[in-house]
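Here is a short briefing for a first look at this structure. Keep the sequence and the 3D view open while reading.

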Amino acid sequence: MQTLQGIAVSPGVAIGEALIVGNEGFRIPRRLVVRDAVDEELQRFRSASAVVAAEIEHNRDTISSQIGEQYGAIFAAHLMMLQDPGLQRQVEQLIREQNYSPEYAVSQTLRRYAQVFQQLGNGNLAERAHDIFDIERALLRQLLGARREELSNLKSPVLVLAHSLSPTETALLDRQFVLGFVTEIGGAGGHTAIVAKALEIPAIVGVGSFLEQVSGGDSVIVDGDHGRVILQPDEATIDRYQKGAEDHRSLEVQLRGLRNLPAETTDGERLLLQANIEFPREVQSALARGADGIGLYRTEFLYLGLEQEPSELDHFQAYAEVVRAMGDRRVTIRTLDLGADKMGRQPQQEERNPDLGLRAIRLSLRNLPLFRTQLRAVLRASALGPVQVMFPLITTLQELRQAKMVLADAMEDLEESGEPFERQIPVGIMVETPATVMMLDQLLKEVDFISIGTNDLVQYTLAVDRGNSEVAERYQASDPAVLRLIDLTIRAAAAARVPVSVCGQMSGEVSYTMLLLGLGLRGFSVPPSAIPEIKRVCRSVSIPQCEVVARRAMQLYTAREVDNYVREELRKVAPELLR
Ligand code: PEP
Ligand code: MG
């Protein structure tokens, strides 16, 4: 048994079999074979070895004759490794004595060999590990043949272990069979993390290099509450986690009772508790948890899996589905935040700093036909129910004015064609950079609402890439510099009587709810799955109590002190929510 620590990005516990998604992402199906089948399985391994050996010989001969003997020698080395009697013996022993399937035995043995090379720390020898992985892949391809099960076509539950998963790959995971996932790289604020929350599957990122230590089919626990990955857990550990998962389920059932109760503090302050969504189908989870509205609809996810740019109709149909389902509850449609690590759209030229590059409103303003198409669809949806439009990453007054001009153009278009829409549609901006906070006195005069995007605000304030595991420990929403900017924003909005909410991940973290209420926040927009817990905290505290917490927290010097303090305060009011 081995425990690894990563960054917890989507809560919950999953226990199951590992599916390692490498270049080929196929699954090693069975771990054990029945005793009677051992001879047959040994034969299967020997035949696979022979076919792979023949393949390697063929490659060696072709390469040698085409580009020279020295290149052919690479394959000669592969052949020697494959046919090494020690290696063959070990695989056969595992099949015969442990009743392992040939697939599992091959993977176990070759990965152990590879690890030895990697631990030598010598560049050239460490490289040999890649050769061993190549041989493993070739053998598995042979052994699995047509029975090969791929990520896109799963038939039974797995835990996906990968070096990295893009937001798109994550969104395409089959929720029926993917119980959870773990990646070697990635940070807390990346969009892969956001998608994991939307899918409501336990997920951990930024574990560091570990895939060589696992074989497909190994049993694994993903503890998405604490960021722990447990490889080959023993019985006692599995029992403990199963018990924890049961407790979690009964807490969920208990919290379900809050669905029809308002998000209201004990002293009668009514709060707005809305949902963040990425896909129209999430509206159902938002409604099932009693969301007051949609505070952030990330429309860029519409690009997912599309070969070409979505048409106005594609946009409209998605928005209409959300607006109709939400009835009289408001839907905040954020215009495209493409670029950076998000969907689609390859940049015209490679960007060295995509987060500082052509992203979000900048990209929309650079591509007016695209922007206008989207705005027309948003406006048409506004005829179906209460809709507001929000612009991402506004950093200057000029950007806001330009965006509003394009909106006015889109209105004119629709008027000419006689399409109905809401002329008084509220217009808002995200507050995601320190520059925006510094300019709020001006910006607030020209908007109807604002929403603080802490995911980016943390990144741009602390100069820490939100998706980079190397600097993940510095990426803290509770950093005093970030808290001061949030405080300034809430105060400025209150003074200007402009509604303000927080829609970054911070607002969905129960340990920050009291702090944010104490700073004066009355609007939260969180992943649907977080609504019950946040409501539970809101309904257990009074505003004066939270103001005390906020005052104390604002006097602390480090993120760690703030985190410890707010957790202790949460323990006093809702200990069952502490993870
Ligand atoms: C944010 O930055 O906090 C936010 C909500 O936007 P996104 O995560 O989509 O960048
Ligand atoms: Mg953002």
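Gln88 sits in helix H3 (residues 85-98); helices here are DSSP runs of H or I with at least four residues, strands are E runs of at least two, and both are numbered from the N terminus. This is a predicted model, in which local features need pLDDT of at least 70, side-chain atom pairs count only at pLDDT 80 or more, and totals for chains, interfaces and linings use all residues. Residues are numbered from 1 along each chain as its sequence is written, chains are lettered from A and ligands numbered from 1 in the order in which they are written, and side-chain values use heavy atoms, with hydrogens and water left out.

**Gln88 and its surroundings**
- Gln88 counts as buried because its relative accessibility is 18%; buried means under 20% relative accessible area, exposed over 50%, and partly exposed in between, with a 1.4 Å probe and protein chains only.
- Its side chain makes a polar contact of 3.4 Å with the side chain of Ser49. Such a contact is a pair of N or O atoms within 3.5 Å; within protein, one must be able to donate a hydrogen and the other to accept it, and residues adjacent in sequence count only if both atoms are side-chain atoms.
- Beyond neighbours within four places in sequence, Gln88 is in contact (heavy atoms within 4.5 Å) with Phe45, Ser49, Leu82 and Gln83.

**Positive phi values**
- Most residues other than glycine have a negative phi.
- Leu393 has a positive phi, near 55°. It is in the loop between strand E14 (387-391) and helix H13 (397-417).
- Ala463 also has a positive phi, near 55°. It is in the loop between H16 and helix H17 (480-496).
- Ala463 is exposed, with a relative accessible area of 72%.
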